[in-house]
Amino acid sequence: MDKLFSKKLLVLALTAALAACGGGGGGSSDSEPETPAVGDGGSNNGGDQGSGDQGDGSGSGDTGSNTPLPDNDPSTVTVGDVSTSDLGFATITATDITLPDAMVNAREVYQLAHYIGRTDSEQDEENIDIPIRSYTATCATDTDKPRMFVSTTLSEGQSASNPTYGSVYELQYNPETSSFDQTGNTTILKQCYESHGITASADCSRVAVLCNTEYKASERYDVKKDLIEEHGIGWMKIEDNLDAVAGTDNEKKYNDQIWLMEWDNKPLSEVPDAYVVNKMHGGTHLGTQELLYVEDDSKGRTSYAFSVTARVLVSGSHYSAGLTVIDRDDWSMTMTGDERRGWYWLCGHGHVLNIRAFYNPGNEMFGALCTSDGNKYHPSPGLNAIAIKMEDDGSSVLEGTYNHVVPTTSAMISNGGGHTVVPVDANTNLSVIVSPKYIEDEDMDRFLQDTLGIDTSGDGPFDDQCADKANKNCFFSYLEEIEYDEGDYSLIPRQGLYSGGALDKSSLTRVGIAKVDWEGNIEGVGIKWLAEDSDCQISDPQLVDLKNGRYLFGYAQFQCISDNLPYNRSYNKKGEAMRMLVPKAYYVMEIDADLNVLEGPVKLTDYGWGGLDEPMYLGNGKVAWNYIKNPTFENYIGGQQNVWQAIVYHSKSVN
């Protein structure tokens, strides 16, 4: 089947700041103002005004310690087609794989959300030379030959204007080489301009992927069912936004469809069954799309769930995000009533910039971690919110439980956010975030001691002692106090994230993990910052359960103050912002559920991952993913390649 349309060029700049509204949407504009607009209003305490070296601040439960980045890059040995690095506590093996039809991967699209940068920093789309996110699903993980299915968007050429297609291919683990072999089971989805989240049944017999198609694509291709027309509610059914952009070159920009495409007991080369599952996707790619699959839970349900950001043009321009749960047994959705599952809108206050779905098998609930451009705890301009929302709170008028806030200049320029959630048990999840410091240690300690009467002489303040301030989070209690007594407490003045001069400490990011309960409330000492440095930005976190009481934790180092480089945060046409999108080095360590470091960190320069990617458990202490070759800034050979690496991490903790 010939492709009837090509990739859309997302060239229409959006509003620098979209004013938050009660339903998760906001103001409207399709033009970029010369200077950023303010956000939610309110007082201007410690927003993002000012600059300068402010020293190390802290958030709730932060000891203020610094974790210098190690410089112990392990050597790599290549035997035949397999390269191996010995980390001491683990080994990494990698083998080259050729993408379907030897095509190159697509470039990441304009205005996709990252944790320390955004691709709208590159006004020339040809400069956005990093891979669009790929997705992996593993299966047969209880055997000695597990498999991995990969969803990667391909491009016909090296230009941002070349047509793109979704693709799916299969790899199989070879225990003799401790690496992957290509099976030849592959497909190119020419009805899709991108493919996103992918999942597989435990025995690999059923594979499904999310496919981004264009305006009214279901009228041009055969689909099994249109679930939105049958079961969708509210704005889920909105597809015709043409009037709002009539007379422009973008009349169909906000009218994409998302399909779920499934191969049930058949090879990828055969035509999959297609289901229309979203009709309000479009506009800026603020986030990414995960797809989850749960087969035969304790209630006998087999379900798909996926998360997606969306934009609709209803009384203006509105952004938010939904978690859609599909009953696979009868291909239905229940969006209202006592039995409702998921929501189509509103995960956090303001406009949701990124959403990451997860499933906790202990309580058999889906949920999502969301980053938005507003918050209710300190409505000063320039603070995003990170929230967790569970499917039993599926109403689209209820927001999630807030964990933290991160600085921003506008909806398009943020400096951190929520990455993923990893379940520990039925009552506990680990929530991974990226954020700079912006409360001084001494200010937080003084607040806890003098205002709340909390003893801070131990390992850290326990957040349940802040409950009398209407939050189970000392950090938000601190923000609430600022609203009522501006003289006693403050935030670190932020470097101007919209433009900025040189990088300084107020813009340094770090990676933390919060232990949260099943509703998303923070437990214990709050956020533990496992990766931070007084000189460098840290981002691109990964957390994978090794299923033996250990977790693989990874992160990346980006530009540093000592590099003496211009910050060039936004709207730079010379490629300077690539320093915020391409890491200098990657690091891995192993931790336990109490966030104690058991092994590492060890520096990696030969292997890496995409900042939005998520490696998957492969069984018996193994974790798998794939990514481009030479991924670090010093060795970078470009973000479009036709030969990638399939990578396996082998923890020695299981041997």
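Figure 1. A residue counts as partly exposed when its relative accessible area lies between the buried range, under 20%, and the exposed range, over 50%. Asp129 has a relative accessible area of 22%, so it is partly exposed. Please keep in mind that this is a predicted model. Asp129 sits in the loop between strand E4 (104–105) and E5. Setting aside neighbours within four places in sequence, this residue is in contact with Arg107, Met578, Tyr636, Gly638, Gly639 and Gln640. Ile637 is 508 residues away from Asp129 in sequence, yet their C-alpha atoms are 9.9 Å apart in space.

**Figure 2. The whole chain, for orientation.** Before we go on with the close-ups, here is the setting. The secondary structure comprises three helices and 34 strands. The protein has 655 residues, and 64% of them count as buried. Among contacts with a separation of 6 or more, 68% are between residues 24 or more positions apart. Mean pLDDT is 82, with 80% of residues reaching 70 or more. Do look at residues 1–65 with this in mind: pLDDT stays under 50 there, although the model has 227 contacts beyond four places in sequence for this stretch.

**Figure 3. The largest pocket and the strands that line it.** The space in the largest pocket comes to about 1200 Å³. Its lining is made up of 44 residues, and Leu292, Tyr359, Lys547, Met616 and Tyr617 lie nearest the centre. E24 gives the largest share of the lining, seven residues. Sorted by class, the pocket lining holds 24 nonpolar, 11 polar and nine charged residues.

**Figure 4. The largest cavity.** The structure has eight cavities of 30 Å³ or more. The largest cavity has a volume of about 130 Å³. It is lined by 20 residues, with His114, Pro131, Gly610, Gly611 and Tyr627 closest to its centre. In the lining of this cavity, 12 residues are nonpolar, four are polar and four are charged.

Figure 5. The largest nonpolar core contains 67 residues. Within this core, the residues with the most contacts are Phe180, Ile513, Leu543, Phe553, Ile591 and Tyr649. Another core lies apart from it, with 47 residues that include Cys139, Cys192, Ala274 and Met335. Beyond its neighbours within four places in sequence, Ile591 is in contact with Ile513, Leu530, Leu543, Gly549, Arg550, Tyr551, Phe553, Asn596, Val597 and Leu598.

Figure 6. Why is helix H3 (residues 474–484) described as largely enclosed by the rest of the structure? Eight of its 11 residues are buried, so the rest of the structure largely encloses this helix. The buried residues in H3 are Cys474, Phe475, Phe476, Ser477, Tyr478, Leu479, Glu481 and Ile482.

**Figure 7. A cis peptide bond at Pro601.** Gly600 and Pro601 are joined by a cis peptide bond, with omega about 10°. Pro601 is part of strand E31 (residues 597–604).

Figure 8. Ala102 has a phi near 55°, a positive value in a residue other than glycine. You will find Ala102 in the loop between strand E3 (90–98) and E4. With a relative accessibility of 42%, Ala102 counts as partly exposed. Lys216 has a phi near 50°, again positive in a residue other than glycine. The loop that holds Lys216 runs between strand E11 (206–213) and strand E12 (225–226). Is Lys216 buried or partly exposed? Its relative accessibility is 22%, and Lys216 therefore counts as partly exposed.

**Figure 9. Pro566 in the loop between E29 and E30****.** Pro566 is partly exposed, and its relative accessible area is 39%. Ala577 is 11 residues from Pro566 along the chain, and the two C-alpha atoms are separated by 9.6 Å.

Note on methods. Residues are numbered from 1 along each chain as its sequence is written. This is a predicted model: local features need pLDDT of at least 70, side-chain atom pairs count only at pLDDT 80 or more; totals for chains, interfaces and linings use all residues. Side-chain values use heavy atoms; hydrogens and water are left out. On a 1 Å grid over the protein atoms alone, a cavity is a set of points where a 1.4 Å probe fits but cannot get out, and a pocket is an open set with protein on both sides within 12 Å along at least five of seven lines; lining residues have an atom within 4 Å of a point. Grid points are joined across faces, edges and corners, and a volume is the space filled by probe spheres set on the points. Helices (H or I, at least four residues) and strands (E, at least two) are DSSP runs, numbered from the N terminus. Ala, Val, Leu, Ile, Met, Phe, Trp, Tyr, Cys and Pro count as nonpolar, Asp, Glu, Lys and Arg as charged, and the others, Gly among them, as polar. A nonpolar core is a set of buried Ala, Val, Leu, Ile, Met, Phe, Trp, Tyr and Cys residues joined through side-chain atoms within 4.5 Å. Buried means under 20% relative accessible area, exposed over 50%, partly exposed in between (1.4 Å probe, protein chains only). Contact means heavy atoms within 4.5 Å. pLDDT is the predictor's confidence in each residue, from 0 to 100.
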